Amino acid sequence: MANKLLLSVSAKQISAARWQGNCFTTCRIFANNDSGLSAFRQYLAPISNHTVYVMVDAVGEDYRLELLPSSFGSDRTEMIGRKLKQHYRNNTYCGAWLQERDSGKRRDGRYLFCALTTPDLIEPWVQVILERKLPIAGVYLLPTIGQTLIEKLQLDQPNLLVVSLHSSGMRLTYFRNQKLRVSRLAQLDSSGQPGIKNLAEEISNTRLYLHGLRVLTLDERLTVLVIDREDALHALVQTVAHDNPNIECRRLGRAEIIERLGISTNALTSSVDALYLHLLGLHALANNLAPASVTAGYRQHRAQRAVYALAGATALGAIAWCTINILQIIYVHGKTEADARDTTRQEAQYQEITRQFPVAPAAAEDLKHAVEIAQKIGGTTRTPETMMNIVSQALELNPAIVLKTFGWKYDTTDIVGAAEGPNSPSVDKSSPSSPLAAVRHQSGLIQGEVQPFRGDYRAAIETINRFVEALSQQPEVAAVKIIRLPLNINPDLSLSGTTQNSGDGEQAGKAEFRLLVMLKQTI
Amino acid sequence: MNTVVDLEALKKPLLMLLAVIMIGSGTIYFTRHLLQEAAHAFDQQHQQLQAAHTRMQKSGEVKATILHYIDSYRYLQQLGFVGDEQRIDWIDGLRNTSQQMQLFGIKYQISAQQPYPYASELDPGQLALYQSVMKISLGLLHEGDLLEFLSALAKKNAGVFSVNQCLVTRADTGGSIRYQPNLNAECDLSWITVKPAAETKS
């Protein structure tokens, strides 16, 4: 959310700045007393959809640097929690963050523990904000925001003391290797403008304080950066440089602040804490001191925003998908219409061409097919002539054979089934054993008898076999099958007859037989 | 903050997310469906275009085909092979052949028209083939008359037929040698006709 409400709370006053877009628009100052609190409550009344960031500038603060073993996840959380309890047992506004890792093999983490030891300073203000149901993103100590300042100014001095004047006094924050180490707030005489000499003394005292903390030796070179938002501290820079040859003193004047930090002139003059409020608005910091109960509304707010963002992303995705689909539909429609136009044009041209064609009773393909079919039928038509010739030749070689019935068929099935009477031996009509089954072929049925027949079945059967042999030797014949012999010697059937001769010397009965002749498929 | 409060606070955004998902997926489905329809229409139109293009390319070939086959086709029409079957022509053909060969008369029986069972062997394309099976029964002096009869019938141009089967049996003449049939023949003939697709549909 771009809308932020930035608060700077000090023992003297509260600065409240509205942040919209990328800069703050208005800034109001409230006295840190009951009337100020009441005014602040009224100030908040019309405000909604703002996330509150609270910056505290108080004397009651604590910084501890500790080297802790490398750890991650829940182990790290537990370890830090134990340390926070150990250092700040009864303090709700405390926190720790990893500044850097040790370069050794253990990769120990260098953690800065800090706490607001006077939470009473902000509690009433926080309560007013929570009553208004505005989400509090975090409560930060003012020196931690100085980290953003040196990052924006790209300062790389190993020992840097940032000096700035605020409503509560003179803030001196020491950074070692661009990392916050310690900060102190020197309260100044509130009766009038602080003297340059006093300010210079505070800087010297801070140097001694750092030496006392064993953070910085007196031999080490220190860079002092004076934030001079009113261009009134030229003399301080000169004095510090004169009194402390081992100190490099630089001043960040009003114009440079505006140019390098992007704050507007009006915003800068609106409050003594304006610059740090601006820096607080620029970057959301990780080093929040507020307990979970204070930031619960913010977490809820963030969850809502995340779900809204997800809904928005989903909607955008759906819109993009639909847009792609619609564009594709338009493209495909265009191609379809182009094809339709081409088809119409081609058909018109074809119609024009066909007008020059001779008048035909049917389509060209039908003409062709009809003629070809007629030719094919003519080519595939068969007559009994071939079969008759084959039988005639066999009969000439076997004069004892008398033909009684001749059948012929051109089909996928043999003629036998059709010609057999109900008393005929069982012969499968479809002839599955026939090699020519399912293919159209010529088959013939020969029904005849052996004459003369004097009861000698052996001789009659031999005659029939010779006839069959004569048929089989014809090159057109694929197979000859004996369907019935004069005497059925099948052991599965009964057999009866007589051996008595008739008066003219011939035995009663006939030597009848039936044959199936199948021609090759190519015939 | 307890979980109930959390869920209550998230109710509105979650409902909005749900609505967005439903509306979004519905819209996507709808546009996808429209796209598929459009693609289908395009495929059909493109096929029509390709068919028209092919027709155009083959127009010369079509003209040549018509010129090449039209006379034969008209002959087949006259023959009764193309179009409706001409049963009167078949019967006239039988009668004329019988008179010409001085046969002893021909009995015939024509069954109902049915699809020709061996059409697939002939690659008929869009044409439909039909057959009407005619059973004929005739008396013969000798077996050579049967072959001569079939040959003569084919030359009558009464239609296109194929012989399916014949059965020739010796007639009981009682030993007499007067002018009478010595053999009886029964044959099945398939009279085949084709119909163009348009006529078949009608």
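Let's start with β6(A) and strand β7 (residues 109–116) of chain A: they run antiparallel and are joined by seven bridges. Strands here are DSSP runs of E with at least two residues, helices are runs of H or I with at least four, and both are numbered from the N terminus. Two strands count as paired if DSSP finds at least two bridges between them. Along this pair, A:L98 sits opposite A:Y111 in β7(A).

This is a predicted model, where local features need pLDDT of at least 70 and side-chain atom pairs count only at pLDDT 80 or more, while totals for chains, interfaces and linings use all residues. Residues are numbered from 1 along each chain as its sequence is written, and chains are lettered from A, with ligands numbered from 1, in the order in which they are written.

## The sheet and its helix

The open sheet has three strands, ordered β5-β7-β6 (chain A), with antiparallel pairing. β5 (61–68) and β6 (94–101) of chain A are at the edges with a single partner strand each, so one side of each has no neighbour in the sheet.

Helix α2 (residues 73–87) of chain A lies across β5, β6 and β7 of chain A, at about 125° to β6(A). Such angles run from 0 to 180 degrees between N-to-C directions, with axes fitted to C-alpha atoms, for helices over the stretch in contact.

## Where the chains meet

Over in chain B, 67 residues are in contact with 65 residues of chain A (C-beta atoms, placed from the backbone, within 7 Å). α1(B) gives the most to chain B's side, with 28 residues.

Strand β14 (residues 401–411) of chain A also pairs with β4(B), antiparallel over five bridges. There, A:G407 stands opposite B:L167.

Notes
Contact = placed C-beta atoms within 7 Å.
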